[in-house]
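Reader: I have the sequence and the coordinates open side by side. Could you walk me through some of the contacts, starting with a charged pair inside a helix?

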Amino acid sequence: MPLSPMPTEDFFPLRTSLRLDNHSYSPTVRKMVAEAMGQLRSAEQATFALKLAKIPISSRHVQRLAQEIGNEMAHQRDDQVIQQRRRELPVRVSATPEVVAVEVDGGRLRTRAQGCGPGVHEVQGKEEKVAALMTLKSPTFEHDPQSEPPPSFLQPRRVRRLVTQMKGLAGRTRRIVRKTHRIFRNTQSKKRNRRPNRHRLNRLRRRRRWTTPVVPSDWCTCVASMSCSDQFGPMMAAEAQERDFYRAPRKAFVGDGAEYNWSIHRGYFADFEPITDFLHALCYVYLAAWAESDTEAQQWSLYETWLRACWQGRVSDVIAELEGVQQRVGMPPDGEELDKKDPRRLVSEALSYLGNNQRRMDYPRYRREGLPITSSWVESLVGDFNARVKSRQQFWNRPKGPEPILQRAAVLSEDERLDRFFAQRPGNPRRGRKAA
């Protein structure tokens, strides 16, 4: 009795060599799906971009493919963590870098309870953690190469924008800083009488990032996850191990005042130089100066004095002055939640931040050693991730609903990680039979 032919949709001898999976999409098409979902804000936009590339696919299918790819990349990342713990993770760079920096920060997104039926239930804000790992090119100096704060930190309008964005303040604070800007502008007679250059103003309007005196980056990779710090630290360590960061002669670990940042530093990057982000210190001393002074001119003058002291490493002088200010405005009452603009709260928060991080704020020495003093890279990456996972219409299932889409870190990294993933991804010799 002759054998019946096997359906072609069930088996194809070249599926494995062509790296085809159960969906029969080529690695090139799947890579385009991953890139579109990583770069664009929604599945609908990614679907539209793919249709422009003559790839007919539905938005629901795009979401399903992106979910599968993200889960596979997350599993691969977790396998690398296990290898790193076993001392089996190989280094994938040809030469040990001279200067490296690791920065960590977090963003906020909205989550919902899973399995509660249609709609959004039990909304909670959760934090996604993002780490940036950079190799740098920077010389060392015998003396501080920039002993005075940069001009961008002494421009009231830019400082106001930075503080309101980083601290979430508006209203009265913004109006006061606007008046301070007018006072500062009137003291600059030469600049006031100079006719502005139209092309220069256009360039300033197009500039999106806060200008900071940072060390130029060679290339950067990133890691992102919804995991807690105990799990996120090993992910950062595995990425650092693959890039041979631990053998670099000069190493920096930059973060804000969050305690989990420094627990990661102590556990996995203990021999890296710990550096507190200067921009957060700027915000705290600015708000404390606003709380202490009565007039706009005094507020700005006090801010400049404290900012310059922090920039030059004289944090203890600022702490001593803030202790006197705290006595004058009063201590925050125990067990009472004060308004964000209450002077007692602003001065107390500045004292706490500077006191807890003073040993990590020796900025003149960091500049002499060619190390970064701000977390600008990771702050920019957090904005990139938030543009994808954070909006008024987006709610992610807890606990790790956005974990697959956070693997867009492969798209944002500068090491062709996505190309390597699809080049190494195995195919599937069989395809599931369609339902009758």
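Author: In this predicted model, Glu35 and Lys31 both lie in helix α1, residues 27–39, where they are four residues apart, about one turn of the helix. An α-helix has 3.6 residues a turn, so residues three or four places apart point the same way.

Reader: What do Glu35 and Lys31 form, and how far apart are the closest N and O atoms?

Author: Glu35 and Lys31 form a salt bridge, with the closest N and O atoms 2.9 Å apart.

Reader: And is Lys31 buried or exposed?

Author: Lys31 counts as buried because its relative accessibility is 19%, under the 20% cut-off.

Reader: Which residue forms a salt bridge with Glu403?

Author: That is Arg77, and the closest N and O atoms of the pair are 2.9 Å apart.

Reader: How many salt bridges does a search of the whole structure find?

Author: The search finds 26 of them. Another example is the pair Arg344 and Asp342, whose side chains meet at 3.1 Å, N to O. Here Arg344 is partly exposed, with a relative accessible area of 25%, whereas Asp342 is buried at 16%.

Reader: Which residues do salt bridges with shared partners join into one network?

Author: The network consists of Arg92, Glu239, Glu242, Asp415, Arg417 and Arg420.

Reader: Switching to helix packing, at what angle do α2 and α3 pack?

Author: Helix α2 (residues 43–52) and helix α3 (residues 59–85) pack at an angle of about 105°, and their axes are 9 Å apart. That angle makes α2 roughly perpendicular to α3, because angles from 65 to 115 degrees are counted that way.

Reader: Which residues meet there?

Author: From α2 the residues are Ala43, Glu44, Ala46, Thr47 and Leu50, and they meet Ser59, Val62 and Gln63 of α3. Sorted by class, this contact has four nonpolar, three polar and one charged residues.

Reader: Let's move to α9. Which of its residues are buried?

Author: In helix α9, residues 259–268, the buried residues are Tyr260, Asn261, Trp262, Ile264 and His265. They pack against both strands and helices, namely β1 (99–112), β2 (124–136), α8 (229–242), β4 (250–255), β5 (273–276) and α13 (343–357).

Reader: I also clicked on Val325. Where is its place, and what does it touch?

Author: Val325 sits in helix α12, residues 315–329, and it counts as buried, with a relative accessibility of 1%. Leaving aside residues up to four places away in sequence, Val325 touches Glu292, Trp306 and Val347. The C-alpha atoms of Val325 and Val347 are separated by 7.3 Å, although the two residues are 22 apart along the chain.

Reader: Finally, what about the chain overall, say its helices and strands?

Author: The chain has 17 helices and six strands, and buried residues make up 46% of its 436 residues. Among contacts with a separation of 6 or more, 76% come from residues 24 or more positions apart. The chain exposes about 23400 Å², of which carbon and sulfur atoms supply 49%.

Note on methods
Residues are numbered from 1 along each chain as its sequence is written. This is a predicted model: local features need pLDDT of at least 70, side-chain atom pairs count only at pLDDT 80 or more; totals for chains, interfaces and linings use all residues. Side-chain values use heavy atoms; hydrogens and water are left out. Axes are lines fitted to C-alpha atoms, for helices over the stretch in contact, and angles run from 0 to 180 degrees between N-to-C directions. Helices (H or I, at least four residues) and strands (E, at least two) are DSSP runs, numbered from the N terminus. Angles under 35 degrees count as roughly parallel, over 145 as roughly antiparallel, 65 to 115 as roughly perpendicular and the rest as oblique. Contact means heavy atoms within 4.5 Å. Ala, Val, Leu, Ile, Met, Phe, Trp, Tyr, Cys and Pro count as nonpolar, Asp, Glu, Lys and Arg as charged, and the others, Gly among them, as polar. A salt bridge is a side-chain nitrogen of Lys or Arg within 4 Å of a carboxyl oxygen of Asp or Glu. Buried means under 20% relative accessible area, exposed over 50%, partly exposed in between (1.4 Å probe, protein chains only). Accessible areas come from the Shrake-Rupley method with a 1.4 Å probe; for residues, only the protein chains shown count as cover.
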